[in-house]
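Here is a short tour to read with the model open beside you.

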Amino acid sequence: MENTHKLVIIVGSVREGRFGPVVASWVADQARAHGGFDVEVVDLADVEVPLALPAVSPKFAGDDYPRPAGMEPLTSALDGADAFVIVTPEYNHSYPASLKAAIDWHFTHWTAKPVAFVSYGGAAGGRHAVLHLENVLTELHAVTIRDGLAFPNYFTAWQDGQPLDPQAPGYAKTLLDQLTWWAGALRSAREAAPYPA
Ligand SMILES: Cc1cc2nc3c(=O)[nH]c(=O)nc-3n(C[C@H](O)[C@H](O)[C@H](O)COP(=O)(O)O)c2cc1C
């Protein structure tokens, strides 16, 4: 469909026994029901993301950047995306190292594209993680979406793969409406002229 945008949902945690895939699966259902997106979920646990980076920055290396073969599904998903939802927990008042590594292996893939956040954790619902992500993604010329979803004390707030808060689908719709608007606006802008990064 011409007006459908490619949405990539990233599962940021790779920990054994993690909760991230439950949240990502629900977000993917909301996005498919929304209708504005062609949805792909990329789970970082399925991708090779080493901590040791090459000598040069991906900012300057272009397509020749020496990424491992096992990173290709992530790189091509990021490349083809019109919009992102990052699903992140909170680890020590920030986001997981797996997510930072995945971000740092790429640069232009994020540029002039919108990113929304769905977070979960203890009392703060992952908001510390999202604040840090907003900062980092601004450096990559991404556009972060104001209205995110945060699930505090997720261990009591979810049941059978669904959030118990009856307002959660409405909040998700607001996030997805804003993401669609930005995805369309930024895709048109990217097609009209190269972003002056
Ligand atoms: C290393 C580590 C640090 C954590 N730090 C925080 C924290 O600062 N704030 C918080 O709300 N929860 C914290 N938690 C709890 C996580 O939010 C919770 O374990 C969550 O399930 C992690 O997401 P995951 O299951 O997808 O890995 C921490 C968990 C781990 C493993």
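Let's start at histidine 141, which counts as partly exposed because it has 15 C-beta neighbours inside 10 Å; a residue is buried with 20 or more other C-beta atoms within 10 Å of its own, exposed with 12 or fewer, and partly exposed in between, with C-beta atoms placed from the backbone. This is a predicted model, in which local features need pLDDT of at least 70, side-chain atom pairs count only at pLDDT 80 or more, and totals for chains, interfaces and linings use all residues. Residues are numbered from 1 along each chain as its sequence is written.

**Two loop residues with positive phi**
- Histidine 141 sits in the loop between α5 (127–139) and β5 (143–144); helices (H or I, at least four residues) and strands (E, at least two) are DSSP runs numbered from the N terminus.
- Its phi is positive, about 65°, although histidine 141 is not a glycine.
- Asparagine 153, in the loop between β6 (149–151) and α6, also has a positive phi, near 45°.
- Asparagine 153 is partly exposed, because 13 other C-beta atoms lie within 10 Å.
- Most residues other than glycine have a negative phi.

**Phenylalanine 155**
- Helix α6 (residues 154–157) holds phenylalanine 155, which counts as exposed because it has 10 C-beta neighbours inside 10 Å.

**Around the ligand**
- Gly122 is also one of the residues that come nearest to the ligand, together with Ser13, Arg18, Pro89 and Gly121, out of 13 around it; the cut-off is a C-beta atom, placed from the backbone, within 6 Å.
- This shell divides into four nonpolar, six polar and three charged residues; Ala, Val, Leu, Ile, Met, Phe, Trp, Tyr, Cys and Pro count as nonpolar, Asp, Glu, Lys and Arg as charged, and the others, Gly among them, as polar.

**The nonpolar core**
- The largest nonpolar core has 48 residues, and those touching the most other members include Phe84 and Leu179; such a core is a set of buried Ala, Val, Leu, Ile, Met, Phe, Trp, Tyr and Cys residues joined through C-beta atoms within 7 Å.
- Helix α7 (residues 168–192) gives the most to this core, with seven residues.

**The whole protein**
- The protein has seven helices and eight strands.
- Buried residues make up 36% of its 197 residues.
- Its C-alpha atoms fill a box of roughly 45 × 40 × 25 Å along the principal axes.
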